[in-house]
Amino acid sequence: MDHVYTVTQINLYIKDMFARDYALNRIYVKGEVSNCKYHTSGHIYFTLKDSKGQMACVMFAGQRSGLAFRLQEGQSVIVLGSISVYERDGKYQMYAREILLDGAGVLYQKFEELKKQLESEGLFRQEFKKPIKQYPKTVGIVTAKTGAAIQDMINVTTRRNPYVQLILYPAIVQGASAAASIVKGIKYLESYGVDTIIVGRGGGSIEDLWAFNEEVVAREIFSCKTPVISAVGHETDTTIADYVADLRAPTPSAAAELVTGDIRDFLDDIRAYERTLQFHMRQKVQLARNQYRQYQLKLEHASPLYQVNQKRQYLMERENRLQYLIKQRVLEKRHQLAILTERMKGLSPLDKLSKGYAIVTDEEQNVIRSVEQLSAGDLVTIEMMDGDVMASVMSTQSRRRE
């Protein structure tokens with residue numbers, strides 16, 4: 001009775017034995033998933049089983065990066081982790097760090113390792129992505145010469161832009177020689193001088209698509225100076241080529257959509273540009289015409305002929321003004337003359353003569369104003385209204401006032 005142990009001591013002892021076993025600290029276990037539960041804490045609890053046994057497993061929330069898919073009942077998986085004892089229940093369980101689908105498990109592991117390596121080297125960085133031409137003249141395609149993929153790309157391209165020339169390099173896209181064939185196709189099309197290269201194939205399993213996960217293919221796509229579009233499998237399929245390529249298309253037909261702009265949209269744009277250009281040209285022409293008229297008017301105003309005509313017009317206006325003033329002046333003087341004439345009528349000798357008066361002059365035409373200027377026998381001329389009378393003075397008689 002001296003060596004009696006508690007349950008906790010035994011469980012801790014067994015746990016320590018598990019911890020000391022190197023093989024149990026990093027082990028791959030294959031089995032079928034059952035009783036899978038995603039806890040609100042982020043932990044995943046499930047059971048691995050085969051035809052003869054089962055094992056409790058847990059993947060803590062901190063290890064979820066090692067799971068690239070959603071764990072579901074009935075999946076055949078390979079779990080990488082460690083085996084230890086959960087001392088509270090006295091049961092051993094597996095603590096999962098990575099979970100891969102069985103069959104593709106090794107390939108998935110290689111996929112993740114290569115992905116991490118190339119990503120660390122910067123092959124996936126956005127600044128290395130080359131722009132894709134919207135309206136390329138030539139498009140190179142690296143894929144199998146038979147199958148739905150090439151037919152889909154031909155149909156889409158013909159529908160969207162029949163003027164694009166498609167150049168097919170009939171590559172092997174599955175099997176041991178596929179990677180080398182794809183690399184050769186990319187090199188050939190780049191040397192040919194196409195505007196864009198599409199690398200892809202139809203859907204399939206990870207084994208079928210594995211050529212597009214090969215390192216040589218990834219590095220060739222990255223080093224290619226021609227923009228490369230990756231179009232491998234279906235929308236849910238992802239390959240290393242998708243990460244390295246300048247653009248990833250979910251399907252081959254989608255790649256054809258992306259690489260060939262719709263010619264109808266292009267023609268609509270051209271017509272819109274044409275209308276805009278015509279509008280601005282009309283605006284420019286009208287502006288030029290207005291400026292021409294302004295310059296023409298300025299030139300006419302500055303020309304010697306215009307200046308002469310202006311001076312001539314000014315002189316004509318001044319001449320007309322002067323004539324008008326002269327006429328006004330003449331009329332004014334005539335009016336003044338008429339007034340003076342009326343005033344002078346009473347002082348006019350002729351007017352006096354018309355009233356019976358006469359003018360007497362001597363032989364020397366001197367006007368006789370007094371009888372004292374005459375003597376008997378002098379000859380005088382008497383000027384009357386209607387004629388003259390020659391007379392001889394017989395005598396003179398003065399009427400002097402006393």
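**A conversation about cores and helices**

Student: Which residues touch the most other members of the largest nonpolar core?
Tutor: In this predicted model, they are Val142, Ile182, Ile186, Ile197, Val199 and Ile221, within a core of 36 residues. A nonpolar core is a set of buried Ala, Val, Leu, Ile, Met, Phe, Trp, Tyr and Cys residues joined through side-chain atoms within 4.5 Å. Buried means under 20% relative accessible area, exposed over 50%, and partly exposed in between, with a 1.4 Å probe and protein chains only.

Student: Which elements give two or more residues to this core?
Tutor: They are helices H3 (105–121), H5 (178–192), H6 (215–223) and H7 (240–244), together with strands E7 (165–170), E8 (196–201) and E9 (228–232). H5 gives the most, with six residues. Helices (H or I, at least four residues) and strands (E, at least two) are DSSP runs, numbered from the N terminus.

Student: What does valine 142 touch?
Tutor: Leaving out residues up to four places away in sequence, Val142 touches Tyr169, Ala171, Ile182, Gly185, Ile186, Leu189, Ile197, Ile198, Val199 and Gly200. Contact means heavy atoms within 4.5 Å.

Student: What does the second core include?
Tutor: That separate core has 20 residues, including Phe18, Leu48, Met55 and Met59.

Student: Before we go on, how should I read the numbering and the values?
Tutor: Residues are numbered from 1 along each chain as its sequence is written, and side-chain values use heavy atoms, with hydrogens and water left out. As the model is predicted, local features need pLDDT of at least 70 and side-chain atom pairs count only at pLDDT 80 or more, while totals for chains, interfaces and linings use all residues.

Student: New topic: is threonine 157 buried or exposed?
Tutor: Threonine 157 is buried, with a relative accessible area of 3%. This residue lies in helix H4 (residues 148–160).

Student: What is threonine 157 in contact with?
Tutor: Neighbours within four places in sequence aside, threonine 157 is in contact with Pro162, Val164, Leu166, Ala256 and Thr260. Ala256 is one of the buried residues of helix H8 (residues 252–259).

Student: What do the buried residues of H8 pack against?
Tutor: They pack against strand E6 (138–143), H4, E8 and E9. Besides Ala256, the buried residues of H8 are Pro252, Ala254, Ala255 and Val259.

Student: And the whole chain: how many helices and strands are there?
Tutor: The chain has 11 helices and 13 strands. Of its 402 residues, 32% count as buried.
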